[in-house]
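Student: Hey, I've just opened this one and I'm a bit lost. Can you walk me through it?
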Amino acid sequence: MTQDRSEMSEDDDDKQSPPLDLRSAAIAEPSSSSSSSSVVVVVDSTPNKSRNCISSSSSGSLTSQPFPDHVLENVLENVLQFLDSRCDRNAASLVCKSWWRVEASTRSEVFIGNCYALSPARLTQRFKRVSSFVLKGKPRFADFNLMPPDWGANFAPWVSTMAKAYPWLEKVDLKRMFVTDDDLALLADSFPGFKELILVCCEGFGTSGIAIVANKCRKLKVLDLIESEVTDDEVDWISCFPEDVTCLESLAFDCVEAPINFKALEGLVARSPFLKKLRLNRFVSLVELHRLLLGAPQLTSLGTGSFSHDEEPQSEQEPDYAAAFSACKSVVCLSGFRELMPEYLPAIYPVCANLTSLNFSYANISPDMFKPIIQNCHKLQVFWALDSICDEGLQAVAETCKELRELRIFPFDPREDSEGPVSEVGLQAISEGCRKLESILYFCQRMTNAAVIAMSENCPELTVFRLCIMGRHRPDHVTGKPMDEGFGAIVKNCKKLTRLAVSGLLTDQAFRYMGEYGKLVRTLSVAFAGDSDMALRHVLEGCPRLQKLEIRDSPFGDAALRSGMHRYYNMRFVWMSACSLSRGCCKDIASAMPNLVVEVIGSDDDDENRDYVETLYMYRSLDGPRKDAPKFVAIL
């Protein structure tokens, strides 16, 4: 199982502020003196009407005088530039046609949560001034090898279209997209002012493509390669950056499984005075890290690389690693620790007191090694780790980290039959000690309702709760009862909950709780749960904000799928694999909902006449079915 540890919170769009009631908003320009008149622009509550009212403070009279559309739109342009939230801008675009036009002409940042929800041509036709572009491809279950290779999500049509429409583009942020070296070359050639490239969980490209970006994007500030599969083309891409002072502020290449030219990297860091974030891959040794730290005391975010010494020491005297860390007084985010040698961990003690984020998700670290570190991290707000820290380590976190907002515990051994070292004991300790917690991802082998209920009562600010009990259909290991009451307490007591992942032995009762209390839930992930179709019906009928529904290995069939037909146009996607769906039902839904793309995913040798559906992926689209579907994808 492939786990996305760098961006598993993935859907930051879930955290957007709620839309404003723009139809009744009033924008006033204050008068410069008491005798001058003030101009107030009022938007009528009726969507297709706009009025401009001029009031005179000296006469007290009120007259109404229509202004030409272009005058109103000029005023709107000056107002909408202050709207940053995507939700607010979306709401503004729905007020009337005039607002729709102005919002489109002033939007510089575009987020597309599904690359097949619309065509690149539609994007460029509507939005003319885009400088920042965020695009997501494959659904999240692709991270767990539940989607065949070569499914799609190609970046090529997007970059070729934007190259013509947005020559001023500065930022591209992609997630789970297939990106080729040719795509990166076109990007580097087409956007002379390009500044930020972020590739998360992407594939298809190699160090050759990265070298082109480094060489041609002379204003590059951010190059972040996060959990992506990067082919080693044996190209010295680090040496391709400009030889003079660079604009680099962030460089992350911890996922690149290839040796790098350290001398070139050392020179690059020295030529980058604005560099704040540096995340190294496992081919950078602790000795080399020491040299980098001495030349970059301004770093605020550091990924350490291997955190082990060279196989052949260059000198008999060991460098003073603690002194190098001590010199980096601005470091607040610390990660890396690949190929960890525990005896070197004390070197990070000098920076622990200032840390707000600590990531040990690649470090097989024992409680005894971990506790002396965490006991100094009083400011910590984000903490990721392997379950090797055990319940004992989580108890130490609870005692020290009173400001903790996000916790993620990953399995060192992801097998279902393994003996997990964390349990309800660690979860209960966290709930009692870290009461400001807002987000948790917790992999374990055993859990109790009592511990989950305690978390719902002690941490009411939770917006994300993902509990992954790795064994299938596992009940409360103390009482033997289903985990219904625990998850029911989460949706009932955590009023701000927007994302929920459930597992363990769950009956339809748990889903009834979700439908009754989960009114803000936007993302729901279900694995090996439920008794009947009624479970899914509770959710689809009771969760009005639901946007993303992910289900695997659950007994939901045609009746359950049909129960949500009133909802699917308002959802981003539905994913169901290894359930009990028939091709006939999927065809019926596709026929009844023409703006919904219904994909049945199988394998190349699947019988088209087989009625059983292995994987269903449904999503809304403004431009109909995609044209690049492989043979194993049938679009109904």
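**A first look around**

Tutor: Arg-512 and Glu-516 both sit in helix 17 (residues 508-517), 4 residues apart, about one turn of the helix. Helices here are DSSP runs of H or I with at least four residues, strands are runs of E with at least two, and both are numbered from the N terminus. This is a predicted model, where local features need pLDDT of at least 70 and side-chain atom pairs count only at pLDDT 80 or more, while totals for chains, interfaces and linings use all residues. Residues are numbered from 1 along each chain as its sequence is written, and side-chain values use heavy atoms, leaving out hydrogens and water.

Student: What do the side chains of Arg-512 and Glu-516 meet in?

Tutor: A salt bridge, at 3.1 Å from N to O. The term means a side-chain nitrogen of Lys or Arg within 4 Å of a carboxyl oxygen of Asp or Glu.

Student: How many salt bridges does the count come to?

Tutor: The count is 28 salt bridges. One of them joins Lys-496 and Glu-461 at 2.5 Å, N to O. Lys-496 lies in the loop between helix 16 (484-493) and strand 21 (499-502), and Glu-461 in the loop between helix 15 and strand 20 (464-469), so this pair ties together parts 35 residues apart in sequence.

Student: And Glu-406 and Arg-408, are they buried or exposed?

Tutor: Both are buried, meaning under 20% relative accessible area; exposed is over 50% and partly exposed is in between, with a 1.4 Å probe and protein chains only. Their side chains also form a salt bridge, 2.8 Å from N to O.

Student: Switching topic: how many of helix 14's residues are buried?

Tutor: In helix 14 (residues 424-433), 7 of the 10 residues are buried. Among them are Leu-427 and Ile-430. Their cover includes helix 13 (390-400) and strand 19 (439-444), counting contact as heavy atoms within 4.5 Å.

Student: How many disulfides are there?

Tutor: The count is 0, where a disulfide needs two cysteine sulfur atoms within 2.5 Å.

Student: Last one: which ring does the charged end of Arg-626 sit over?

Tutor: The ring of Trp-151, 4.4 Å from its centre. That label needs NZ of Lys or CZ of Arg within 6 Å of the ring centre and within 35 degrees of the ring normal.
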